[in-house]
Amino acid sequence: MTQSSTHSFFTVNDLPMCKRYDVWQSSIDCIFNVETLPEIRKNTFHATLDADLLGSMMLARTNSTHQFWERSSHTIAADGMDHYILQLYYSGGVTSDYGKDGQEIAPDGLLFQDLSQTTKATTSDFDNLVFVIPRPLLEDRLTLPEDHNMRFLSPRDPMVRVVANLMRSLKANASALKTEHAHVLENSFADMLAACLNSAYGETSDTTNKRQNIEVMTMIRRYFRENFSRPDLTPERAARELGISRSKLYQLLEEHGGVYRYTRDLRLRRAKQLLSTTTKRPRSLYDVALECGFSSDTSFIRAFRETFDMTPGDFRRNQQTALKNSNGADGDGRDTRYEKWLHSL
């Protein structure tokens, strides 16, 4: 790993105050919709993002002002990302009405977010550390991989303190780590974070019951990941091939919106991957639809639009535009490589 290929520094602090927020907003909208108060935009706004790659993870220390943050279904479709994010605040904090186990981060506490799910949050003036973690690195390690969006983790938990200290250390040493170190550390970090989340405070009788079914849920997730593209996949067939009752299958997938929605979401996730692939001759929507298990391009387009409020064609055009703009720096020579990294993790 070399400093030039694994480190990106983005700031708007060298710009006139009247331009700072617009440049920041344009850059960070690769992952979040943000707003701030007019008086901050006019008089005091600043933002710096210092990012490093660590294997398949991205670590970014961000320093900025009070802002409102949103991740909508339209944003989720537009950027195609479904990573996990873990936040640690050196100063300032974040609040959210969508929070689990709390609505405000405690000093030395952590906030875990799932980018495949919508949310809103508010930050004060802040200095934080953000880890962006690809879903495949962590998903199979979690008992309930879709159950942790906006989970506030208390520093009373010793595992939270261990993970927080490791985050600080990884960021401090990121520039000196070699490739072989990075791959070992990313797996070690994923193991510790999974242990932290799997023992998170605030269990209810429902989540306790689901955790007792961890082996069955792991089997179900693996089955649907391997078979979602089959057009003949039905709840009856899935239950029979899994060796469980249909009622049990419905019960376990109720948290995910039911069997049909779970299958549809897997198909749409794969479709976004295919639509994001750059080739000289893009595949037709019909071919993408069939490969993902939809019966026709019409049903595919309808499901995509209902979920993301845009068509697959719109999504592909947005991805192509983003790729053209991600050439390592913006028109002012500003380092925006972190945007490209986010999409390629």
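The lining of the second largest pocket splits into 5 nonpolar, 7 polar and 9 charged residues. That pocket holds about 620 Å³ of space. Keep in mind that this is a predicted model. Elsewhere, the largest cavity has a lining of 19 nonpolar, 6 polar and 3 charged residues.

**Second largest pocket**
- In total, 21 residues line this pocket, and Ser116, Gln117, Arg261, Asp265 and Arg269 sit nearest its centre.

**Largest cavity**
- Searching the whole structure turns up 2 cavities of 30 Å³ or more.
- The largest cavity comes in at about 340 Å³.
- Its lining runs to 28 residues, with Phe32, Trp69, Ile85, Gln87 and Val130 nearest the centre.
- Strands that each supply at least two lining residues include strand 4 (57-64), strand 6 (84-91) and strand 10 (126-133).
- Helix 2 (17-28) and helix 16 (337-344) each supply at least two as well.

**Helix 12 and its neighbour helix 11**
- Helix 12 (residues 259-276) packs against helix 11 (residues 246-253) at an angle of about 60°, and their axes are 8 Å apart.
- So helix 11 counts as oblique to helix 12.
- On the helix 11 side, the contact uses Leu249, Tyr250 and Leu253, while helix 12 brings Val259, Tyr260 and Tyr262.
- By class, that contact has 6 nonpolar residues, no polar ones and no charged ones.

Note on methods. Residues are numbered from 1 along each chain as its sequence is written. This is a predicted model: local features need pLDDT of at least 70, side-chain atom pairs count only at pLDDT 80 or more; totals for chains, interfaces and linings use all residues. Side-chain values use heavy atoms; hydrogens and water are left out. Axes are lines fitted to C-alpha atoms, for helices over the stretch in contact, and angles run from 0 to 180 degrees between N-to-C directions. Helices (H or I, at least four residues) and strands (E, at least two) are DSSP runs, numbered from the N terminus. Angles under 35 degrees count as roughly parallel, over 145 as roughly antiparallel, 65 to 115 as roughly perpendicular and the rest as oblique. Contact means heavy atoms within 4.5 Å. Ala, Val, Leu, Ile, Met, Phe, Trp, Tyr, Cys and Pro count as nonpolar, Asp, Glu, Lys and Arg as charged, and the others, Gly among them, as polar. On a 1 Å grid over the protein atoms alone, a cavity is a set of points where a 1.4 Å probe fits but cannot get out, and a pocket is an open set with protein on both sides within 12 Å along at least five of seven lines; lining residues have an atom within 4 Å of a point. Grid points are joined across faces, edges and corners, and a volume is the space filled by probe spheres set on the points.
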